[in-house]
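Please keep the sequence and the coordinates at hand while reading.

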Amino acid sequence: MRPTWAEIDLSALRHNFRTMNRLVGPQTTVCAVIKADAYGHGIENIAVALQQEGAEWMGVTSTDEGVQVRDAGVNTRLLLMTGFWHGEEDEVVARNLTPSVWDPWQVESLQQTAAKRDAKARFHLKVDTGMTRFGIGMTDLPKTLELIRESPNLELEGVFTHLASAEVVDAPDVEAQREKFAQVRQVVQQQGFAPRYFHMANTAATICHPETRDLMVRPGIAMYGYIQRFAWASGGRGPGFPIDLKPVLSWKTNIISIRQVPAGRFVGYNGTFITTRRTRIAGLPIGYADGLNRRMSNRGRFIVRDHYAPIIGRISMDITLLDVTDVPDAQIGDEVLVIGASRSCQVNAWHHAHFADTIAYEILCAISERVPRRVNSQ
């Protein structure tokens, strides 16, 4: 087996879930978002651990993720955050999945399927308050509510929206979207509906905009020990800081070769790095096929023996090279922290994102399936 793996710390996950629950208080339900294979952490183990910790709700992307979680033995409520597609209605009702709905055809097909099964199908209506992505607009809201009223096998359990700039503490569109959502709530209630949940807050909104927490929050990246870039860079600011979160994933590999080369040697594809001194180069069995972002070439760094070691040359499909000249006694077999912390050094997903000009979400989600996840449940 290639010596490249990720370790998943379920005790950190449980800590983060409890932290978010304490932050919002007992009046607000935490819907822990586990979509996209739990942000690359492995959806089945994460879902089981959260159920054991007492999670009432989890958010997944789609029907197939919902089915995967159900097959893992998880019976908590599951919100399909991007709804369902034609032909999935029967699975949605049969597996007690809760879809988000924003289009009349979804209402109609869900009603038909629930009636056929003599069942009651609960769903959450998604409204667009400014993200301009998915969601029903204010203009179409009244007639959609009328269609829902005419669907006896459906229950409008929740109404929600998504904030476009929640990670920015003073973003004016957050307040604009909140005001629009208040108008949506008024229309819904005036039409005689009394949904149990109204919700709009993701991780950033939950932490930085407590006024958006409402009756449910949907933390995602916080479950895995991270907050948004601005908070990582500044050490946290705004209401709710500091917040104690622990990274759930660490990513490791081993040195499989060490060679010493003179100054003036070209390194890696296209010779993008040239040694300027006698250099010890460590070869690692990790590359972009494992999800390591190629834009970190000649920019990023890992941890070897509690020292930072810079990436030199282009990251290739299966191999990455480090300069370990300044790492005392570095040798073949040494463990390398790709993401993780030693006694005095740390590399996390935001560090990767900084060097790759992206976000921590992409770094975590990109870790490929060929990297085995080793689960620590202690």
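In which hand, left or right, does α1 pass α3 in their crossing? The crossing is right-handed, where a crossing is left-handed if the near helix is turned anticlockwise from the far one by less than a right angle, and right-handed if clockwise. The model is predicted, so that local features need pLDDT of at least 70 and side-chain atom pairs count only at pLDDT 80 or more, while totals for chains, interfaces and linings use all residues. Residues are numbered from 1 along each chain as its sequence is written, and side-chain values use heavy atoms, with hydrogens and water left out.

The overall description comes next. The protein has 12 helices and 20 strands; helices (H or I, at least four residues) and strands (E, at least two) are DSSP runs, numbered from the N terminus. Its C-alpha trace spans about 80 × 45 × 40 Å along the principal axes. Of its 378 residues, 53% count as buried, a class defined by a relative accessible area under 20%, with exposed meaning over 50% and partly exposed in between (1.4 Å probe, protein chains only). Contact means heavy atoms within 4.5 Å. Among contacts between residues at least 6 apart in sequence, 66% join residues at least 24 apart.

The largest nonpolar core holds 107 residues. Such a core is a set of buried Ala, Val, Leu, Ile, Met, Phe, Trp, Tyr and Cys residues joined through side-chain atoms within 4.5 Å. Ile34, Leu125 and Leu322 touch the most other members of the largest core. Helix α1 (residues 10-24) gives the most to this core, with six residues. Leaving aside neighbours within four places in sequence, the contacts of Leu322 include Ile281, Phe302, Val304, Ile312 and Val336.

Back to the helix pairs. The axes of α1 and α3 come within 10 Å and cross at roughly 50 degrees; axes are lines fitted to C-alpha atoms, for helices over the stretch in contact, and angles run from 0 to 180 degrees between N-to-C directions. The two helices α1 and α3 are therefore oblique to each other, given that angles under 35 degrees count as roughly parallel, over 145 as roughly antiparallel, 65 to 115 as roughly perpendicular and the rest as oblique. Leu10, Leu13, Arg14, Phe17 and Arg18 of α1 meet Asn45, Ile46, Ala49, Leu50 and Glu53 of α3.

Helix α3 (residues 43-53) also packs with helix α4 (residues 63-71), and their axes come within 9 Å and cross at roughly 60 degrees. This pair, α3 and α4, is therefore oblique, and α3 passes α4 in a right-handed crossing. Ile43, Glu44 and Ala47 of α3 make the contact with Glu65, Gln68 and Val69 of α4.

Which residues of α4 are buried? They are Thr63, Glu65, Gly66, Val67, Val69 and Arg70. The buried residues of α4 pack against α2 (35-40), α3, β3 (57-60), β4 (77-80) and α5 (89-94). Val67 is buried, with a relative accessible area of 15%. Not counting residues up to four places away in sequence, Val67 touches Glu91, Arg95 and Leu97. The C-alpha atoms of Val67 and Arg95, 28 residues apart along the chain, are separated by 7.1 Å. Just after α4, Gly73 takes a positive phi of about 90 degrees.

His41 sits in the loop between α2 and α3. It is buried, with a relative accessible area of 2%. A polar atom of the His41 side chain lies 3.0 Å from the backbone oxygen of Tyr39.

Is each of them buried or exposed? Asp334 is buried at a relative accessible area of 11%, whereas Asp329 counts as exposed at 58% relative accessibility. The side chains of Asp334 and Arg305 are joined by a polar contact of 2.7 Å, that is, a pair of N or O atoms within 3.5 Å; within protein, one must be able to donate a hydrogen and the other to accept it, and residues adjacent in sequence count only if both atoms are side-chain atoms. Beyond its neighbours within four places in sequence, Asp334 is in contact with Thr253, Asn254, Ile255, Val304, Arg305 and Asp329. Asp329 has a positive phi of about 65 degrees although it is not a glycine.
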